[in-house]
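Here is a walk through one protein model, written for someone meeting it for the very first time. Have a look at the picture, then read on.

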Amino acid sequence: MRSLVAGIAVVVTVCLWLGPRSGAEAQPPIRIGASVSQTGAYAALGPNFLRGYRLCIKHTNEAGGVLGRKLDLLVEDDRSEPATALRAYDKLITQDRVDAVLGPYSSPITEAVADVTEKHKRLLVASGAASSAIFKKGRRFAFMVLPPAETFFEGLIDIAARRGLKTIALIHEDSLFPRASAQGALELARKQGLTTVLTEAYPRGTTDFGGMLRKVKATSPDVLIVATYDTLAMFRLLKDLDINPKMLGATADVATPEFYRTVGPDAEFVYGASQWEPELVTLRAGGLIPIARQYPGAREFVEAHQKDFPGAEISYHAAQAYGGCQVLLEAIRRAGSLHSEKVRDAILGLDFHTVYGRFKVDRQGVQIGRP
């Protein structure tokens with residue numbers, strides 16, 4: 001089945017960006033800026049994402065830094081607001097004078113930030129954005145880490161088709177990532193022979209989903225897809241309205257431990273796309289995935305996360321942030337410079353495996369290496 005599931009890890013060196021320690025001690029640190037949602041709508045996922053960045057910077061420093069220099073990470077809270085993130089990156093670049101930046105969490109925020117980084121010709125390795133449209137606007141300095149959002153429901157629809165299900169209904173927030181994942185799902189469903197009986201879009205900020213869900217109940221689809229950041233609110237109402245499709249798929253927080261902890265046993269048989277799972281580091285070579293080559297250092301990453309953040313559950317968001325950080329630093333190392341054009345050329349030439357998986361982009365910056 002073609003689904004967004006990743007296996008992980010054998011014992012390898014976590015960080016490859018070695019610089020002479022004497023030089024790292026003598027030179028000023030490389031300053032790296034990032035804005036991550038620590039409050040607001042994405043507060044449940046942003047902190048996990050930030051932990052990935054912090055671990056990557058820590059491990060790189062422990063290995064000697066990059067270009068013979070240690071790293072400093074400067075972090076702003078964008079409050080899950082695109083406008084706040086835009087101002088944060090402008091401040092990081094123009095006032096804090098950071099040498100490089102790492103991307104924020106979510107596609108809507110990355111879309112806003114990409115205008116700022118493009119203006120200042122700063123590389124944006126977008127660890128938290130899956131909407132390929134962001135990278136198809138002629139921007140030269142934005143690069144995608146995640147698989148395209150259009151593929152997120154690939155596994156769900158493949159299972160539905162193989163089980164003989166016939167009809168699908170889809171509700172999505174009318175913003176970048178949910179819209180892209182919904183459009184991809186509709187096309188995948190068409191190719192698999194499923195009939196779409198309902199498609200409903202709603203504006204961001206909507207709190208009353210009752211009307212849309214009553215339409216779903218009236219069409220009685222075999223499969224319901226909910227592409228949204230409001231999964232919990234939707235889920236509770238589905239239960240109240242006694243809507244029980246044969247398959248229910250959703251984006252975002254369904255793949256996190258918090259979803260199951262909040263919903264409990266009712267979460268069983270709700271399908272979500274996960275891009276990486278910490279439990280898979282226990283796999284050994286010889287299975288479906290050549291682990292050593294595809295996910296180098298993932299076991300050490302999981303162990304470090306458990307040690308440095310005791311009690312904090314790990315989801316794929318931390319791994320994708322760590323992997324995006326690895327990509328930026330590897331490109332700087334290969335370029336032998338912090339100059340944006342040189343690092344850009346290095347990124348375009350990368351075919352590189354991180355703890356999160358393979359990184360390879362096309363000339364537009366769209367991810368083509370990570371299924």
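## The open sheet

Let's start with two strands: E8 and strand E9 (residues 247–250) run parallel to each other and are paired over 4 bridges. Two strands count as paired if DSSP finds at least two bridges between them. Helices (H or I, at least four residues) and strands (E, at least two) are DSSP runs, numbered from the N terminus. As background, strands of a sheet pair through backbone hydrogen bonds, either parallel or antiparallel.

Before going further, a word on where this comes from: this is a predicted model, in which local features need pLDDT of at least 70, side-chain atom pairs count only at pLDDT 80 or more, and totals for chains, interfaces and linings use all residues. Residues are numbered from 1 along each chain as its sequence is written, and side-chain values use heavy atoms, with hydrogens and water left out.

Now for the whole sheet: 5 strands make an open, parallel sheet in the order E7-E6-E8-E9-E10. Strand E7 (195–202) and strand E10 (270–272) sit at the edges with a single partner strand each, so one side of each has no neighbour in the sheet. From one strand to the next, the twist averages 20°. Angles here run from 0 to 180 degrees between N-to-C directions, with axes being lines fitted to C-alpha atoms, for helices over the stretch in contact.

## Helices around it

Which strands does helix H6 lie across? Helix H6 (residues 176–191) lies across E6, E7 and E8, and runs at about 165° to E6. H7 packs on the sheet too, touching E6, E7 and E8, with its direction at about 175° to that of E7. Contact means heavy atoms within 4.5 Å.

Helix H8 (residues 231–240) has Thr231, Met234, Phe235 and Leu238 as its buried residues. Seen down the axis of H8, they fall within an arc of 100°, so they line one face of the helix; the arc is that of the directions from the helix axis to the C-beta atoms. Buried means under 20% relative accessible area, exposed over 50%, and partly exposed in between (1.4 Å probe, protein chains only). Just after H8 comes Asp242, with a positive phi of about 55°.

Tyr89 is in helix H3 (residues 82–94), and at a relative accessible area of 0% Tyr89 is buried. Leaving aside neighbours within four places in sequence, Tyr89 has contacts that include Gly33, Ala34, Val101, Pro104 and Thr117. The side chain of Tyr89 also reaches the backbone oxygen of Leu102 at 2.5 Å. That is a polar contact (a pair of N or O atoms within 3.5 Å; within protein, one must be able to donate a hydrogen and the other to accept it, and residues adjacent in sequence count only if both atoms are side-chain atoms).

Over in strand E6 (residues 167–173) you'll find His172, buried with a relative accessible area of 8%. Not counting residues up to four places away in sequence, His172 touches several residues, among them Pro178, Arg179, Glu200 and Tyr202.

## Salt bridges

How many salt bridges does the structure hold? There are 19 salt bridges in the structure, each a side-chain nitrogen of Lys or Arg within 4 Å of a carboxyl oxygen of Asp or Glu. One of them joins Lys58 to Asp308, with the closest N and O atoms 2.6 Å apart. That pair links distant parts of the chain, with Lys58 in helix H2 and Asp308 in helix H11 (residues 298–308), 250 residues apart.

Another salt bridge pairs Lys215 with Glu200, the closest N and O atoms being 3.2 Å apart. Here Lys215 is in helix H7 and Glu200 in strand E7, 15 residues apart. Lys215 is partly exposed at 42% relative accessibility, while Glu200 is buried at 16%. Finally, Glu111, Asp115, Lys137 and Arg139 are linked in a network of salt bridges.

## Positive phi in loops

Leu67 has a positive phi of about 55° although it is not a glycine. Leu67 is in the loop between helix H2 (46–62) and strand E2 (71–77), and is partly exposed at 31% relative accessibility. Ser220, in the loop between helix H7 (210–219) and strand E8 (223–227), has a positive phi near 50° and is exposed, with a relative accessible area of 53%.
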